[in-house]
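Subject: Structure handover

Hello,

Here is the structure, with sequence and coordinates below. My notes on it follow.

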Amino acid sequence: MDLNLLLVFEAVYSERNLTRASKRLNLTQPAVSNALRRLRDTFQDPLFIRTADGMVPTDLAEQLAGRVLDALEMLRSFESRESFDPAGLSRDFRISISDYNGMLVLPRLLKALAEQAPGVSITTSQIQRAHVSEHLSTGQVDLVLAPKQDVANLSYEPLYADDYVGVASAHCGPEGGQMSLEEYCQREHLLFSLEGYGRSTVDVALSKLGKKRKVVLRSSHVHTIPHVLEGSAFIATLPRLITLDYLKRFELTSFGLPVELKGHEVGLHWHARQHHDPAHEWLRGLIKELFAH
C-alpha cells in the first residue's frame, strides 16, 4: 500500500475533519478526499462517516487505527533517529495545556525554541481530564501538561509542584497576612475551576470542618480572576506560582489560608507510541530542562 495513504488515514483519524487534515498534510482537500476514496476501496469500508460532529471512524477504522499509528511512528523514529538535529526540525507540536500552566511554560518554551529549533511551532488546546487518554491515543495532541493521571499506555514526567494561597484586593486583605476561618467563609469567593463544575478542593476541605462558603463566580479562565478581584471585596484561592505574577501586575495581596489544602504536581503526559520518537523525546527533555532550576 502507498505509505501516503496511511498518512492520510492518520490525519483524518486524528483531526476528524477533512479541512484540518488537509492543512496538516499540506495538501488540497480534493487530494485528501481522493486518497480517502482509495483507502475505502482498499478496505471495502467507508472508514469515516461524515456527521455533525465531524468524520467519525467506523468500527474497522478503529481496529486499524492502533496498528497504522504505531507503524507510522516506528517509521518516523527509524528515519530521524540517526540524523536528528533540532535546528533543522520543521514540525508543529500540539500540546494540551491550561491557560494557567501555559502562562508558566510557554514564555520559556518559545524562547528556547527560537534559539534551538526555529522551525518548530506549537499549537495549544485545552481538553478535559476525562479525554486525555483519548486525545493522546488518537494523535489529536502530542503532549498533555496537567496534574498526574494514571492511565494505561500513558507515560508521565513531573515538572513542578505548586500549592495554594488566598488572594484579595490590596485594599481588602486581612491584617497580618492571615485570614480567619470565620472571615474566609463570610467573604464572597471567585472560584477558578478548569472543569467548570463539581466540588473544588476548597469546598471539600471546608465541608470536613462543617463549613461552607459563597461562590459568586466560577470561571475556567484563571486570567479573569485578578481583573475582577482588583478593587472589589471578593477573594479567591489560587495556585501560588501564578499568584506571584499577579501580585506584580495588579493591586492585589496574598494571605495565608485558614484551611489546609493539599498541593498538586504538574507534569507531561504522552502516549507510549511516541516514547522513542526522537523529536518528541527532544521536546520533552527541553521542557523538563526549563524547570530543572
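L47 has 0% relative accessibility, so it counts as buried (under 20% relative accessible area, with exposed meaning over 50% and partly exposed in between; 1.4 Å probe, protein chains only). L47 sits in the loop between α3 and β1, and its phi is near 65°, a positive value in a residue other than glycine. Q44 is in the loop between α3 (29-43) and β1 (48-51). Q44 also has a positive phi, about 50°, although it is not a glycine. With 68% relative accessibility, however, Q44 counts as exposed.

This is a predicted model: local features need pLDDT of at least 70, side-chain atom pairs count only at pLDDT 80 or more, and totals for chains, interfaces and linings use all residues. Residues are numbered from 1 along each chain as its sequence is written, and side-chain values use heavy atoms, with hydrogens and water left out.

Overall figures

The protein has eleven helices and twelve strands; these are DSSP runs numbered from the N terminus (helices H or I, at least four residues; strands E, at least two). Its C-alpha atoms fill a box of roughly 70 × 40 × 30 Å along the principal axes. Of the 293 residues, 45% are buried. Among contacts (heavy atoms within 4.5 Å) with a separation of 6 or more, 75% are between residues 24 or more positions apart. Carbon and sulfur atoms hold 51% of the accessible surface, which comes to about 15300 Å² (Shrake-Rupley method, 1.4 Å probe; for residues, only the protein chains shown count as cover).

Helix α8

Helix α8 covers residues 201-208, and V202, D203, A205 and L206 in it are buried. Seen down the axis of α8, these buried residues fall within an arc of 160°, so they line one face of the helix; the arc is that of the directions from the helix axis to the C-beta atoms. In general, an α-helix has 3.6 residues a turn, so residues three or four places apart point the same way. The cover over the buried residues of α8 includes α7 (181-186) and β10 (235-239). G210, with a positive phi near 75°, follows α8.

Residue L25

L25 belongs to helix α2 (residues 18-25). Its relative accessibility is 24%, so L25 counts as partly exposed. Leaving aside residues up to four places away in sequence, L25 touches L7, V8, A11 and V32. One of these, V8, is 17 residues from L25 in sequence and 7.6 Å from it in space, C-alpha to C-alpha.

Regards
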